[in-house]
Structures are given as structure tokens and as C-alpha cells.
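Please read it alongside the sequence and the structure shown here.

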Amino acid sequence: MKKYSGLLLSIILLLIFVIAGCSNTKEEGSKTVKDETDDVTDSAASEDDRFIFTANEGGSISKISVEQQKLVETFEIDGAVHNIQVSPDGKVVGAVVVPDMSDGHGELMEMKGKAIFFNPETNEMIEEVEVGNHPAHIVFTEDGKYVLVTNNEDNTVSVIDAKDYSIIETISTGKGPHGFRISTIVKLLM
């Protein structure tokens, strides 16, 4: 049953990613922008509604109502949002953001990326944490105590304490770490 649930969730997320990539939103700095073609507002969602969050190309995160099956909000983010995850208890959404890497003259600059954390109910930013160069993926441990971020250009993983959002460890990896999952063995070591 778990295999089929995971497969179904993966298919739904893939469809939402494709649909969200084609959404009709306007960019207006770093503030929330609602899809003007939608009549859905935060007040239209019930208390029991759940949400799906997508990391969108071009620097935004979309919040989609599962109950309404519609885009509720789009949050504009400075930089490119590459990956997004929800904590095991559903109370925190984490995402990795790759900053604009040019200096305006076409020269590439080396800049640290960040992990951002926000409250999925209130949409308020909780914390921004500077991680390594070109963060790729973010994963919460099953117990919710830690958050791990792969830093693709630094060949490291940043380990973040989920209570105070401090980096407690930086672990060296092989070349170009990107997507990853946490195994039971790693859970036992933490």
C-alpha cells in the first residue's frame, strides 16, 4: 500500500509541477503575488485544507490548495528556488535558493546559497540560513531534528539544527552532491 501511495503522490506532484510552471503570475519584487485568473483566497480554504508547495524556475514558490485544486499564492524569492520540502510534522517548509550568480556585467561570482524556512499556515518567513555554494536539495530528518542541504559546488552537506537553524556540521562528500534521501542507518547515527 505504501508503494502505491508513494507512486500516486509522485505522479500528483509531477503534474502539479508541470501545471505550476505554466501559471499566470506577475513578478513584483519579493512579495506574494496571487494568480489574477483565480478567485481563490486564503479565506476560501478550509481549516482542514492541505497544501502542496512547488519550487518554480525563475525564483518563486507556489502554494496550491489540495481541497480547491487551485493555486492559492505565489511567493517571489530573490534567487532561483531549486528544491523544497515540508517538515515531517508539516509545520515548516524549507527550500534551497541559489543566488543570482552574475555581477551585472556577465561575470560569474561565487556566492553562498541559502536555505529558507517559512510557516506554511501563516506564510511568514521563519529563518534564512547561509549554506554552501549552489545548494541543490534540502531534506528533513524523519524525527524533524535536523535539516540537511547538499552544496553542489562545495562538495559538502550542511547539517542544520531545526530548533535554532544553526549549522552544526558540514560534511564532505563526493563530487557534485545533488539529490539525496536519508537512510535508517544515518538516522541512527544522528
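Two strands count as paired if DSSP finds at least two bridges between them. The model is predicted. By that rule, strand β10 (residues 146-151) pairs with β11 in the antiparallel sense, over six bridges.

**Overall make-up**

- The chain has 12 strands and two helices.
- In sequence order, the elements follow the pattern α-β-β-β-β-β-β-β-β-β-β-β-β-α.
- Of the 190 residues in the chain, 38% are buried.
- Taking contacts between residues at least 6 apart in sequence, 39% join residues at least 24 apart.

**The four-stranded sheet**

- Four strands form an open sheet in the order β9-β10-β11-β12, and their pairing is antiparallel.
- β9 (135-140) and β12 are the edge strands, each pairing on one side only.
- On average, neighbouring strands of this sheet are turned by 20 degrees against each other, direction ignored.

**Strand β11 and its two partners**

- Strand β11 spans residues 156-161 and is mostly covered, with five of its six residues buried.
- Toward β12, Val157 stands opposite Ile171.
- Strand β12 (residues 167-172) runs antiparallel to β11, and five bridges join the two.

**The two hairpins**

- β10 and β11 make a hairpin with four residues between them.
- In the turn of that hairpin, Asn155 has a positive phi of about 60 degrees.
- β11 and β12 also make a hairpin, with five residues between the strands.
- Tyr165 sits in the turn between β11 and β12 and has a positive phi of about 60 degrees.

**Salt bridges**

- Side chains of opposite charge can pair when their charged atoms come close.
- With a cut-off of 4 Å between a side-chain nitrogen of Lys or Arg and a carboxyl oxygen of Asp or Glu, the count comes to two salt bridges.
- One of them joins the side chains of Lys112 and Asp154, at 3.8 Å from N to O.
- Lys112 lies in strand β7 (residues 112-118) and Asp154 in the loop between β10 and β11, so this pair ties together parts that are 42 residues apart in sequence.
- Lys112 is partly exposed, with a relative accessible area of 43%.
- Asp154 also counts as partly exposed, at 25% relative accessibility.
- Lys114 forms a salt bridge with Glu128, and their closest N and O atoms are 3.3 Å apart.
- This pair links distant parts of the chain, with Lys114 in strand β7 and Glu128 in strand β8 (residues 125-133), 14 residues apart.
- Glu128 has a relative accessibility of 43% and counts as partly exposed.

- Glu73 counts as buried because its relative accessibility is 5%, and the cut-off for buried is under 20%.
- The side chain of Glu73 makes a polar contact of 2.7 Å with the side chain of Asn123.

Notes: Residues numbered from 1 in each chain as written. Predicted model: local features only at pLDDT ≥ 70, side-chain atom pairs only at ≥ 80, totals over all residues. Heavy atoms only, no water. Buried < 20%, exposed > 50% of the residue type's maximum accessible area, 1.4 Å probe, protein only. Contact = heavy atoms within 4.5 Å. Polar contact = N/O pair within 3.5 Å; in protein donor to acceptor, adjacent residues only side chain to side chain. Axes fitted to C-alpha atoms, helices over the stretch in contact; angles between N-to-C directions.
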